[in-house]
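Please open the structure in your viewer and keep the selection tool at hand.

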Amino acid sequence: MVSEINQTPKALRLHIGVFGDTNAGKSTFINAVTGQNIALTSPVAGTTTDPVFKPMELLPLGPVVFIDTAGLDDKSELGQIRVEKSMEQLEVCDAAVLVISSESQNVCSVKEYVSMIKSKKIPYVIVANKINGKKSELDLELYGNVVSADLNDKNDIGKIKEALIDLLKDKIEDPVLTADLVHPGDLVMLTAPQDIQAPKGRLILPEVQVLRDLLDNNCMVMTVTSDNIRNALDSLKNPPALVVTDSQIFKEVNEIIPKDIPLTSFSLLMAKIKGDIKSLIKGAESIDNLTDGDKVLILESCSHHAMDDDIARVKIPNLLRKYTGKNLVIDNISGQNISINIKDYKLAIHCGGCMINRKAMLKKQRIFSDAGIPMTNFGVCIAYMNGMLKRICY
Ligand SMILES: Nc1nc2c(ncn2[C@@H]2O[C@H](COP(=O)(O)OP(=O)(O)OP(=O)(O)O)[C@@H](O)[C@H]2O)c(=O)[nH]1
Ligand SMILES: [Mg+2]
């Protein structure tokens, strides 16, 4: 179930085409935004000759693919064919980035490219690059959505990502809680620990949310405590289509539930709707890379009174040290904003985020992703270290 970013089928990714004149900086743009040196760049016009596809995870948009193209002004012998191939990409992309070098004086081509993109009704952003502290001589504001940037400057890349996210925000599809795991009419079993703890007299929010979502999906739902799972299974004519477990009792549940019955957990379902689960899982996998002296940051979005076996200050640090066998430096912070310098941390572990919305969680994921620091959350890292991710679906 642990999936890699590149396993998202290309067709399901948002396609962002990068267009402009030869030598404008299209390939440099792709390297800058993806943070990798993957596209060939050079001061020689005509370096990129065919469309090249570069996948990446652009939070909160999710998986996207950038398409590097040959310059639209290519006058070389094969130029016409190259331009046609670039134009084919313009036909199919979900958004366009028009890279205009601030050194360019060619106002006609800007006008022509913008009207071409507009005629296809494709949302676009103009990146005026090579600014080197000065403004483009072309009045690009005339043509709409412009970001001035030096592609060698990290802060400017942040601005470009914000503009792209803003451009495509309507295309973000929020993940569903259970609809992709069940069918109408399915029987689903929810399991709770034998001694259901706080809050007294109620079920916790994830249990209530999952129950409600399953009912909305026209499922039949039975909730049992761990001492009744076997009896409940025996009493059924057909096995449940899905079992949802509390992570605390995963081991017992896993022993009882036959392997052919899909099993998931409340915390993984919540992680799926709250944040970008694939990145959170990749973050958890990076626990295996921690070594002696590495710094880990544990973040909680709200401050609460710490209890004796507090999950953020006691349980997770203990589990991390036991699992890795390493001498780790573990810091805790709480609150909505990250007010410390994060660059020395090798891993960030965020709480489940019950007090923040998906947008806020994705923003935090992006801050760490941009800083090159893997980030996971409480539920996902516990599931990973307990070996649950090999068994459960989400
Ligand atoms: N200083 C500076 N140089 C840039 C910037 N963007 C691109 N360049 C340089 O401009 C040159 C051309 O960049 P490329 O990314 O190869 O341009 P391209 O649009 O992909 O060109 P073709 O593939 O030939 O169509 C390279 O030498 C880059 O280093 C920028 O924002 N600032
Ligand atoms: Mg190129």
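A residue is taken to be near a molecule if its C-beta atom, placed from the backbone, lies within 6 Å of it. With that in mind, select ligand 1, which is surrounded by 23 residues, the closest being G25, S27, T28, T41 and T48.

Before going further, note that this is a predicted model, in which local features need pLDDT of at least 70 and side-chain atom pairs count only at pLDDT 80 or more, while totals for chains, interfaces and linings use all residues. Residues are numbered from 1 along each chain as its sequence is written, and chains are lettered from A and ligands numbered from 1 in the order in which they are written.

Stay with the shell around ligand 1 and colour it by class: five residues are nonpolar, 15 are polar and three are charged. Here Ala, Val, Leu, Ile, Met, Phe, Trp, Tyr, Cys and Pro count as nonpolar, Asp, Glu, Lys and Arg as charged, and the others, Gly among them, as polar. Next select helix α1 (residues 26-34), which gives the largest share of this shell, three residues. Helices (H or I, at least four residues) and strands (E, at least two) are DSSP runs, numbered from the N terminus.

Now move to strands β2 (residues 52-58) and β3 (residues 62-68), which pair in the antiparallel sense over seven bridges; two strands pair if DSSP finds at least two bridges between them. A hairpin of three residues joins β2 to β3, and if you pick K54, its bridge partner in β3 is F66.

From there, select I16 in strand β1 (residues 14-20). Is I16 buried or exposed? I16 is buried, because 27 other C-beta atoms lie within 10 Å, where 20 or more make a residue buried, 12 or fewer make it exposed, and a count in between makes it partly exposed, with C-beta atoms placed from the backbone. Leaving out residues up to four places away in sequence, I16 touches V64, F66, I67, C93, D94, A95, V97 and L164, contact being defined by C-beta atoms, placed from the backbone, within 7 Å.

Finally, zoom out to the protein chain, which has twelve helices and 14 strands, and of whose 394 residues 38% count as buried. Colour domain 1 (5-171), domain 2 (187-268) and domain 3 (280-390) separately, with bounds that come from an automatic or database domain assignment. The C-alpha centres of domain 1 and domain 3 lie 35 Å apart.

Terms used
Contact = placed C-beta atoms within 7 Å.
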